[in-house]
Each structure stands twice: as C-alpha cells, then as structure tokens.
Amino acid sequence: MLPRGIARIAVRMSKCRGFAPAAAVAGLALAAPAAPAAVPAPEVTGPVPATAAPGDPSHDYPFFASDDGLAADGYVEREYFIAGTATAYAANGSTTATVASTAHPYKTRIVVRRPAAARDFNGTVILEWYNVSNLYDQEVDWLQSHEHLVREGYAWVGVSAQYAGVHSATGLRAWSPQRYGTLDVSAGGTITNDALSYDIFSQAAKAVRGSRPADPLGALQARQVLATGHSQSAARLRTYVNSIHPLANELDGFVLHGLFGNGTVRTDLQTPVFKLQSESDVLVLGQAATRQADTPYLRTWEVTGTSHGDLKLVAEHGPLRVRDIGSPPEDYPIGIPTRCDKPPLSRIPFYMAQNRAYDWLSTWADGGDQPPSAPWIELLSVQPAVAARDAFGNALGGLRLPQHAVPTAENTGLNSGPAGTFCFLHGSHVPFSAATLEALYRRHGGYVSRVAAATRETVDAGYITRADAHETRTSAARSSVGR
C-alpha cells in the first residue's frame, strides 16, 4: 500500500555504543519512583455528531477529519468530548513531579480512528499527543504511519491536551465556535501554561481503557495503550515520562519521535521508551549531546538521511491544512516554490522504521522480545554536531534504510534558508546526476538486486516490516534507475 500523500503528488547490526555525554545526564535524578496516584476517569460524551461533510464552511465536523478512506479499510472515525477536573503539576522534566494545585475543571476532545469490528482490533491503542507548533492540533504520527496502523489493526486516538490547540486564534474554539465553543483547558482562563495538559493526557488514557456510558472504543477492549508524539509533543512526552508517569502509571509504553533540546529519559522506570530520531534531530535539534546507551527499557534509533519534517509528512498534512486552514504548509510540493538553499524534504522513508517501532513497542510492553539496537550516526564532533559523510554527501552509520544504503540521491537532515522558514527542519534531497547513476548502477537489474539485498538485511535486522520491504522492492523495480 503506497502512502496516500505521496501518491497524491505523482543483520541486526550490533555495535558497541558509547555512553551519553556527561553533560546530557548531569541533572537527571534517578530517585526511586513515587507511589502511583489514582487518575480519575473523565466524563466521556459522544460520539459528537458531524452535521457537515469535511470542508463545509460550517466547520461542523472534526477538525482535520481524516481523508484517508477509512471506511473502505473497515475503520471508523469518531470524536468525543472528555471532561472532569485536572491536577496542575510542577514538572521539571527530570524528576518526579509535585502537585501544584488540584480540582481545575476542563473539557476537551479526543478523536478516535479504530477498526469497526472488534475482530479486526489487535488490542493496542496508539495515543497521540497532538502537535500544536502551528497553533492548531496536528497529528504527525498518524500521518506518518496510518497505512501500517490500519493494516495491522491498531486503534489510534488523538488528544487535544494543550492550550494553543484549543484557545489560540487558529485553535478549536475559534475554528468552530458551534462545535468547540465549550472546550476549555485553561480552568476558565486561570491557567494558560499547559500545566493541566499532563493530567488531561493521563485521563484520556484512562478513558480509552473503558468509560461508561460512552466508550470511545465502542465494543473494542484495549489490551495496552502506547503514547506517541512528534517534535514539541515528543518533548512534552519526555517530561511526562520523567515527571508524570511515575505518579500516573496509565501508559504501557512511549514513542518519542523527533525530540529536541534535552532528550534524556530516566533509566530507573520499568516502562519501555522508544526514541526515534531523524538525522535532523541528531545534528540540528541537540540530540547528539543527549545520547543514552540502550537499556532493557530504552531504545534509540537514529535513521540516517532523514529529516525532522520529510516529504511524506508535508504531503499528508498539505490537503488537510488547505481544507481546514485555507493555506498549504511550507514546502508543500504542489506549486509552492521553496525558499530553502537546497531542494527540501528528504525522501528517505522514516515512516518505515516508525512502523516497525510501534510493533516492537507493543511486543516489548507485553513482556516479549526487546527491539534490536541500532548504530548511531557517525559523528566527527558532538558540539557542534557534524556527521561523517561519504563521497556523495550522505551520512555514515545509523539505521540505514535500503533507500539510503543503495542511494540514488544525496538525502540529508540539513538545510538552510531565510529566517522564519522551516528549511532547517526539512532536510534536503538532491538527486544524483545521470552520469553518477550510470556509474553506480549500469543495469536496472543490478540496482534492483542491490535494493533487494539491502531490504533483506534490514528486515532480518528487525528495522522494517515485511509489507514495507515489499513496497521498497516494488518501488525499485518500477524505477528508471539503470534503464
């Protein structure tokens, strides 16, 4: 199944890894976890009816409602409101939080995409913390991995936990006062610093485990709930892991995708944490300085040649933003000229590693096999972070997907451009010249064979799924390389 967004537009490697730099872990306390506190079950109402089709000017439908043909795949999309009282935490992101104040009323929404039939549900809920970097709710991890989640029978739930997603000028309340005017995550305007977001997220996890009379999963019964978030949401989840999870204990595992700043997580908590890092995250967003060795409860995959925001993400996000916001995202690859210094948006399919990581985390959280480790991207220096590169400009080391191991372009996590642009997050993609391709791959069959061999190694190492391996081989066979 090809990613819909892209279609719209046209070995297990064991390697000894060093300890994290001392500066990265210096302030991270490893005190014994505090006793968990009971998380209240919120009041759940819904599903909230949609009286208009997505795109209707009334906006009486779920914001960023899926355009992925869920019904044809046996899935349904439902929106629910959850309400209750939330605790405000004082959380430093390193040690267990303390309670700042309690009993703050809130009301927000969750969006559920799940199998329509219980027999098609694999028992795992992926609970995504909506990204609000653009001052509206955006699901990133769903957009990256929805084909895989649907194929494997996961349920996905997006949580509107933060102030900007609800209260900003482009937030839910302003977007549709009729539908969302009663939402409030600020305790009536008294708390605007997201202090309630952590307890709201915990209560959302509680809700999807089963809440009556309205149950967000319908007849489905969740065996486990795994949290995921990208970029600023990953940073929020890192704080959640280190400071809130020891108190709440509502999540069975975490995916921290595209961390920035201090990415260090506690090593004294016995809940699996997967750190998924692009080349941009390592080189640009500070993760080279906060590396940690793998443990029985921590894995880090650094996917070489990938960017913080890549082609798939922008392509998937674009139509939804055009429909519901009225303008395309930056570097949307349909009629939008780039202002970046290099052609933007890496084509190395980060989502393939992400797909496999969800499967591994599910098994890991159930007490099964641990995921394989992966090498780190090779660095010439840590501060500043500079990668070792081959003659074509591609970084060495790291988790090397077949598209990077058998390259047809320079794909990096680096780019630059005018102030105020996202060029530094979009990486670059510079196709090889015809002469370079001919020198590397004189015959199409030889290129396809090399891709097949690299794909086999990557599957055997546990880094991609067999479905994504099939997609990789098929794309190579259909390419013009070596013809």
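**Group meeting: selected local features of a predicted model**

I begin with threonine 295, which counts as partly exposed because its relative accessibility is 21%; buried means under 20% relative accessible area, exposed over 50%, and partly exposed in between, with a 1.4 Å probe and protein chains only. Before I continue, please note that this is a predicted model, in which local features need pLDDT of at least 70 and side-chain atom pairs count only at pLDDT 80 or more, while totals for chains, interfaces and linings use all residues. Residues are numbered from 1 along each chain as its sequence is written, and side-chain values use heavy atoms, with hydrogens and water left out.

Threonine 295 belongs to the loop between helix H9 (279-283) and strand S9 (298-303); helices (H or I, at least four residues) and strands (E, at least two) are DSSP runs, numbered from the N terminus. Apart from neighbours within four places in sequence, threonine 295 is in contact with Thr267 and Gln370, where contact means heavy atoms within 4.5 Å. The side chain of threonine 295 also reaches the backbone nitrogen of leucine 298, at 3.1 Å. Between the C-alpha atoms of threonine 295 and alanine 83 there are 37 Å, with 212 residues separating the two along the chain.

Is tyrosine 61 buried or exposed? Tyrosine 61 is buried, because its relative accessible area is 1%. This residue sits in the loop between strand S1 (43-45) and strand S2 (75-90). With neighbours within four places in sequence set aside, the contacts of tyrosine 61 include Trp175, Arg179, Tyr180, Arg323 and Asp324, as well as Pro54, Gly55 and Asp56. A polar atom of the tyrosine 61 side chain lies 3.0 Å from the backbone nitrogen of glycine 55. Threonine 51 is 10 residues from tyrosine 61 in sequence, and their C-alpha atoms are 6.7 Å apart.

Arginine 323 is part of helix H10, and it counts as partly exposed because its relative accessibility is 22%. Leaving out neighbours within four places in sequence, arginine 323 is in contact with Pro54, Gly55, Tyr61, Phe64, Ala65 and Asp67. Its side chain makes a polar contact with the side chain of aspartate 324, at 2.9 Å; a polar contact is a pair of N or O atoms within 3.5 Å, where within protein one must be able to donate a hydrogen and the other to accept it, and residues adjacent in sequence count only if both atoms are side-chain atoms. Arginine 323 and aspartate 56 are 267 residues apart in sequence, yet 9.0 Å apart from C-alpha to C-alpha.

How many disulfides does a search of the whole structure find? The search finds one, a disulfide being a pair of cysteine sulfur atoms within 2.5 Å. It joins cysteine 340 to cysteine 423, with an S to S distance of 2.1 Å. Cysteine 340 is in the loop between helix H10 (311-324) and helix H11 (350-365), and cysteine 423 is in helix H13 (residues 423-426), so the pair ties together parts 83 residues apart in sequence. The torsion about the S-S bond is about -95 degrees, so this disulfide is left-handed. Both cysteine 340 and cysteine 423 are buried.

The second largest pocket is lined by 18 residues, of which Asn134, Gln138, Phe422, Leu425 and His426 lie nearest its centre. H10 and H13 each supply at least two lining residues, and H10 gives the most, with four.

I close with backbone geometry. Most residues other than glycine have a negative phi, and most peptide bonds are trans. Which peptide bond ending at proline 47 is cis? That bond runs from glycine 46 to proline 47, with omega near 5 degrees, and proline 47 lies in the loop between S1 and S2. The bond from glutamine 383 to proline 384 is also cis, with omega near 5 degrees; proline 384 lies in the loop between strand S10 (379-381) and strand S11 (386-387).

Leucine 135, not a glycine, has a positive phi of about 65 degrees, and its place is the loop between strand S4 (124-129) and helix H3 (141-152). Asparagine 249 has a positive phi near 55 degrees, and this residue is in the loop between helix H8 (232-248) and strand S7 (253-257).

Notes:
On a 1 Å grid over the protein atoms alone, a cavity is a set of points where a 1.4 Å probe fits but cannot get out, and a pocket is an open set with protein on both sides within 12 Å along at least five of seven lines; lining residues have an atom within 4 Å of a point.
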